[in-house]
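Here's a quick tour for anyone meeting this structure for the first time. Take a look at it, and then we'll walk through some pockets and a strand.

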Amino acid sequence: MEKSLKSVLQSQEKRIEQLIEIIGGKRACTANTIPIVITNKNLNASQIAAVQGIVDNQEIAIVHGPPGTGKTTTLIEAIIQTVILEKQVLVTAPSNTAVDLLVEKLAIRGINVLRLGNVSRIDEAVMHHTIDYLVANSKEATEIKRLKKESAEYKRMANKYKRSFGPSEREQRRLLVSESKEIMKQARMIEDFLLDKIIADAQVICTTLVGCETNYLKGKKFKTCFIDEAAQALEPATWIPILKSEKVVLSGDPFQLPPTVKSNEAIKMGLSRTLMERCLDCVSSVYLLDTQYRMNEKLMGYSNAYFYQNQLKAHESVRWNYFTNPLLSSLLFIDTAGCGYEEVRAENSDSV
């Protein structure tokens, strides 16, 4: 993250300068009208508008809304539309859980998706999309394994020679070591070719924000990168994939809990505010998903009024029409006074 932040501050790339100007409100986003055919026929009007806006905008696009408005569904459709237009797309998120969910959703839609990252932190359900799995189950795997085993055998034979031996033994040992290295070189060439092919063939590459620094993506550039849960990501981390891309799409809910910043110095310097929050203030290409699929009007009433100026509406599937009986109401307050439910402050904590 520190490295990415320094790269941004020191960058002389025209594209980075343009992004900084847009984020700072000194420059407007450019857009081209690109015709698309929506593949998910269940999208609502605000979701379709967001997908179209993501495709059209050339620098930054923001998609936001509370939980239940279909941000992931919208993002998946936008990624599919982008894949149609571009050879390969980078998709990221701050957490492994969020990345795994995107991998799963994209795979269901038939997208060739590659999941990069530490296999110990990747969900078992998407493990077959990892490089380790794809290499181990490739047709070249048997040959690579055979060559590595043969190389190890030559090395073992060479190591059998003692320190005190004559010219002929020395020559024999040299030949065995040389043969071991040559065979291992062949194995690595096949392995490197296979890795390059797996990465090149992937329509979507998914990893965490920090995971974008993997050697597999070293020197690689993308036309577009998507950052899900961007409102929960520290700004320095979001710049890691942005530096590898020409265009960025940020998706999330800026009115939920922000990321944790432990450094008071960083907070004073403004790093407690996410890139998405700053973009909401200055970037014109912002799309609010306005249909709530999890909460009816009564449940979302306060947050809708306080955060979204009553722009949200409940979908018919969650709209309640029988509020006359309070027992059937979607929102019911119960007075627990005198029931013994007293608040207790946890030791060494400010939490109640």
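## The largest pocket

Keep in mind that this is a predicted model. Its largest pocket has 24 lining residues, and the ones nearest the centre are Lys71, Thr72, Thr73, Leu101 and Arg294. The space inside comes to about 490 Å³.

Who supplies the lining? Helices α4 (71-85) and α5 (96-108) each give at least two residues, and α5 has the largest share, with five. Sorted by class, the lining of the largest pocket has 11 polar, seven charged and six nonpolar residues.

## The second largest pocket

Next comes the second largest pocket, with about 350 Å³ of space. It's lined by 17 residues, and Lys3, Ser7, Glu213, Leu243 and Lys244 sit closest to its centre.

Here the largest share, three residues, comes from helix α1 (residues 2-10). The lining of this second largest pocket splits into seven charged, six polar and four nonpolar residues.

## A strand tucked inside

Now for strand β4 (residues 204-208): five of its five residues are buried, so the strand is largely enclosed by the rest of the structure. In a regular strand, side chains alternate between the two faces of the sheet. In β4, Val204, Cys206 and Thr208 point one way, while Ile205 and Thr207 point the other.

What does β4 pair with? Strand β2 (residues 89-93) runs parallel to β4 and is joined to it by five bridges, with Val89 partnering Val204. Strand β3 (residues 113-115) is also parallel to β4, through three bridges, and there Leu114 has Ile205 as its partner.

Note on methods. Residues numbered from 1 in each chain as written. Predicted model: local features only at pLDDT ≥ 70, side-chain atom pairs only at ≥ 80, totals over all residues. Heavy atoms only, no water. Buried < 20%, exposed > 50% of the residue type's maximum accessible area, 1.4 Å probe, protein only. Helix = DSSP H or I, 4+ residues; strand = E, 2+ residues; numbered from the N terminus. Pairing = 2+ DSSP bridges. 1 Å grid on protein atoms, 1.4 Å probe; cavity = no way out; pocket = protein on both sides within 12 Å on 5 of 7 lines; lining within 4 Å. Points joined across faces, edges and corners; volume = space filled by probe spheres on them. Nonpolar A, V, L, I, M, F, W, Y, C, P; charged D, E, K, R; others polar.
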